[in-house]
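I opened the notebook to record what I looked up in this structure, entry by entry. The entries follow the order in which I went through the model.

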Amino acid sequence: MIIGIMQPYFFPYLGYFSLLKQVDRFILFDTVQFIRHGWIERNRILKPCEGVQYICVPLVKASHLTKIQDVSIRNNEDWRNQILCQLNHYKKIAPFYKETIAVIEKAFALNTESITYLNLNAMNCVCDYLGIKKNIDIFSQMNLEIEPANEPDEWALNICKKLGNVEEYWNPIGGLSFFNPEKYEKSGIIIHFHSVKIKRYPQRRLVFEEKLSIIDVMMFNSPAEINRMLDDYGLF
């Protein structure tokens, strides 16, 4: 079995979904410390004219020791409509605007205070639209007792060891700088580093803005085109 483990990001970029699609099992790791202003509660889209802007889900202020699984959304604010308004400018330039907005509205229809569950629902909605059949697990709900991690690269290793039937673990290419493959090899697990090949697509502007939210990719590309992008990757 090939495993991928990532924190639950908000409408993440193409590479995240490429990793999700290629592995046999994907786990959202939500029992670690939440870092504000990362990718858990926000992502980037195009501005109406030039550059990029953030779309954000407002969160209840919490201690810096709060785990991702315990982070709550400030649902007393009308953040859903605010995000949809930020996306309105795509209507004039994006051929798949209506289809993309329908996916986002479906994702936002979930009534929850949990950022983890909101992000899981958003991923499932995107996967449904793209025809990707994948069960995504939330680590905090799996009732797995794993060994404590002494180094950042050991969380995934300890999860793989506990599951017992993992042959390969795939991590984003950024992990090359701090993952020690020997630790995995000693446990009989092959580790690969996944890197999607970013393909430029027409954004109807002079400068191509790469690695934006999957929302931007969906606005300008059909599901078939997006799947070709997701399948264009390398392993290291």
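I looked up the bridge partner of Pro172 and found His194, in strand 7. The model is a predicted one, in which local features need pLDDT of at least 70 and side-chain atom pairs count only at pLDDT 80 or more, while totals for chains, interfaces and linings use all residues. Residues are numbered from 1 along each chain as its sequence is written, and side-chain values use heavy atoms, with hydrogens and water left out.

I then took the strands on either side of that pair: strand 6 (residues 168–172) and strand 7 (residues 190–196) run parallel and are joined by five bridges. For strands and helices I kept to DSSP runs numbered from the N terminus (H or I of at least four residues for helices, E of at least two for strands), and two strands pair if DSSP finds at least two bridges between them. Together with helix 6 (residues 181–186), strands 6 and 7 make a right-handed β-α-β unit; right-handed here means that, with the strands pointing away from the viewer, the path from the first strand over the helix to the second runs clockwise.

On strand 7 I also noted three bridges to strand 8 (residues 233–235), the two running antiparallel, and there Ser195 stands opposite Gly234.

Next I turned to helix 4 (residues 115–130) and checked its length: at 1.5 Å a residue its 16 residues should span 22 Å, and the end C-alpha atoms, 23 Å apart, agree with this. The expected span is 1.5 Å times one less than the number of residues. I found 12 of the 16 residues of helix 4 buried, among them Ile115, Leu118, Met123, Cys125 and Leu130; buried means under 20% relative accessible area, exposed over 50%, and partly exposed in between (1.4 Å probe, protein chains only).

At the start of helix 4, I noted a side-chain oxygen of Ser114 within 3.2 Å of the backbone nitrogen of Thr116. Helix 4 is followed by Gly131, whose phi is positive, near 75°.

In helix 5 (residues 154–163) I looked up Cys160, which counts as buried because its relative accessibility is 2%. Between Cys160 and Ile189 I recorded 29 residues of sequence separation and 8.2 Å in space, C-alpha to C-alpha.

Conventions:
A polar contact is a pair of N or O atoms within 3.5 Å; within protein, one must be able to donate a hydrogen and the other to accept it, and residues adjacent in sequence count only if both atoms are side-chain atoms.
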